[in-house]
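User: I would like to learn how to read a structure like this one. Can we start with what counts as a contact, then work through some features?

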Amino acid sequence: MKLEYDLAIIGAGPAGLAAALEAEKNGVENILLLERDKYLGGILPQCIHNGFGLQYFKEELTGPEYAERFIDQLNQDSPNKVDIKTETMVIEMTPNKRIIAINRDDGLLHIQAKAVVLAMGCRERTREAIAIPGNRPAGIFTAGTAQRYINIEGYIPGREVVVLGSGDIGMIMARRMTLEGARVKTVLEIMPFSTGLIRNKVQCLDDFNIPLKFNHTVTRIEGEKRVERVTVAQVDKNLQAIPETEEEISCDTILLSVGLIPENELTREAGIKLDPVTRGPIVNENRETEIEGIFACGNVLHVHDLADFVTEEGEIVGRAVGKYLKRDRKFRHRPIKIVPGDNVAYVVPQHIDFIVPGRKKIKIFMRVKKPAERVRINLLDDKGRVLGSYKKRIVTPGEMVSVYLPEVILDDKIKNITISIKRD
């Protein structure tokens, strides 16, 4: 089957849904939304805890409620402008925006689009990715898989649990397992700080008296048919286990929350350049990749801590696609590169390409390398002069930081803007 669309969106989670709705509002009429799961919403249907929507809707929602807001808009406001294909797997995308997908009803689909939005989300790192030695028994799960078993399938993965990693989903699942009657013996974190949101540490661990051990990791997993115990140890400043600190903890379940990786196999095969830190595409302020007309947003671009920010990024892309298809864009004389400086792990977008009449600010997202209190975020030009400055009470790697670049500083004389975070 051969199809032609103005816009094809791969992934119907919060990023893809927001991009579709915003593109339709900006005059894009012929839109295709592709989703490999049975339902729209991406990961949100299994995230039954609250905390969603505080930024975007100014109220607290669960994940399914948050997704439902956008799905309802899609069904009510854009029923004839957005074609939706669920249970559809995209298997190839080319630089000229040709997509090959497959599903049970249509068979093999050849889709030609004028613009493409990548919104495939991210996946969890597994035991194999971090190479934990030991046996290979049952009872080892990523935290997201355990979340699906409990919240969607109705199964509890185990009764005595050790969680490795203090990412948000790991801490949320430590609480969820506790509420289901399991005993979470400890949460181990190899770093000297939590890698998730502060609020999740407080609400999910502290409030339930679940111990969190920093500078600790699992060095061995033991068990025949089922996990029976793990060996844990402290780590040194190089993150290497200290042998004399090893101890055994009996358990029947291990949940891994050891990082998320953007789903960029399609992106890489299309020849789109990836950022080595975010593992997502390098983009401009419109979230357009280095291939014109292919955009990326949400966790496929860089891993977010709030779905609200994913939605915001999807809307940026939706507006940008409208301008791209209308050829309503004015390029700068030369791009301005945004460079991570002191204590900044990465920045998104990585460069500024366009002049937009009437726009006053461009929002920059970043993550810090290590926690710090009472800091100043400085925007520096090529000669080290301060173009703008922001105070921040605390920054941590688990919480994304954002600042605005005032349009007034983005003149054609500037080649680079370096973002630096230092103690104030």
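Analyst: Contact means heavy atoms within 4.5 Å. Keep in mind that this is a predicted model. Take N264 as the case: leaving out residues up to four places away in sequence, N264 touches L274, R279, G280, P281 and V300.

User: Where is N264 placed in the chain?

Analyst: N264 lies in the loop between β18 (260–262) and α7 (265–269).

User: Is N264 buried or exposed?

Analyst: Buried means under 20% relative accessible area. N264 has 1% relative accessibility, so it counts as buried.

User: How far apart are N264 and I91 in sequence and in space?

Analyst: They are 173 residues apart in sequence. From C-alpha to C-alpha, N264 and I91 are 12 Å apart in space.

User: Now T396. Which loop holds T396, and is it buried or exposed?

Analyst: T396 sits in the loop between β25 (386–395) and β26 (401–406). Its relative accessible area is 10%, so T396 is buried. Setting aside neighbours within four places in sequence, T396 is in contact with I198, V368 and P371.

User: How do I read a helix?

Analyst: Start with the general idea. An α-helix has 3.6 residues a turn, so residues three or four places apart point the same way. Then check the length. Helix α8 (residues 307–326) has 20 residues, which at 1.5 Å a residue should span 28 Å. The end C-alpha atoms of α8 are 29 Å apart, which agrees.

User: How many residues of α8 are buried?

Analyst: In α8, 15 of the 20 residues are buried, so the helix is largely enclosed by the rest of the structure. Just after α8, R327 takes a positive phi of about 55°.

User: What about the whole chain?

Analyst: Count the elements, then look at the overall size. The chain has eight helices and 27 strands. Its radius of gyration is 22 Å, close to the 22 Å that the globule rule gives for 424 residues, so the chain is as compact as a globular protein of that length. Along its principal axes, the C-alpha trace spans about 65 × 60 × 40 Å.

Definitions and conventions: Residues numbered from 1 in each chain as written. Predicted model: local features only at pLDDT ≥ 70, side-chain atom pairs only at ≥ 80, totals over all residues. Heavy atoms only, no water. Helix = DSSP H or I, 4+ residues; strand = E, 2+ residues; numbered from the N terminus. Rg over C-alpha atoms; globule rule 2.2 N^0.38 Å. Expected span 1.5 Å × (residues − 1). Buried < 20%, exposed > 50% of the residue type's maximum accessible area, 1.4 Å probe, protein only.
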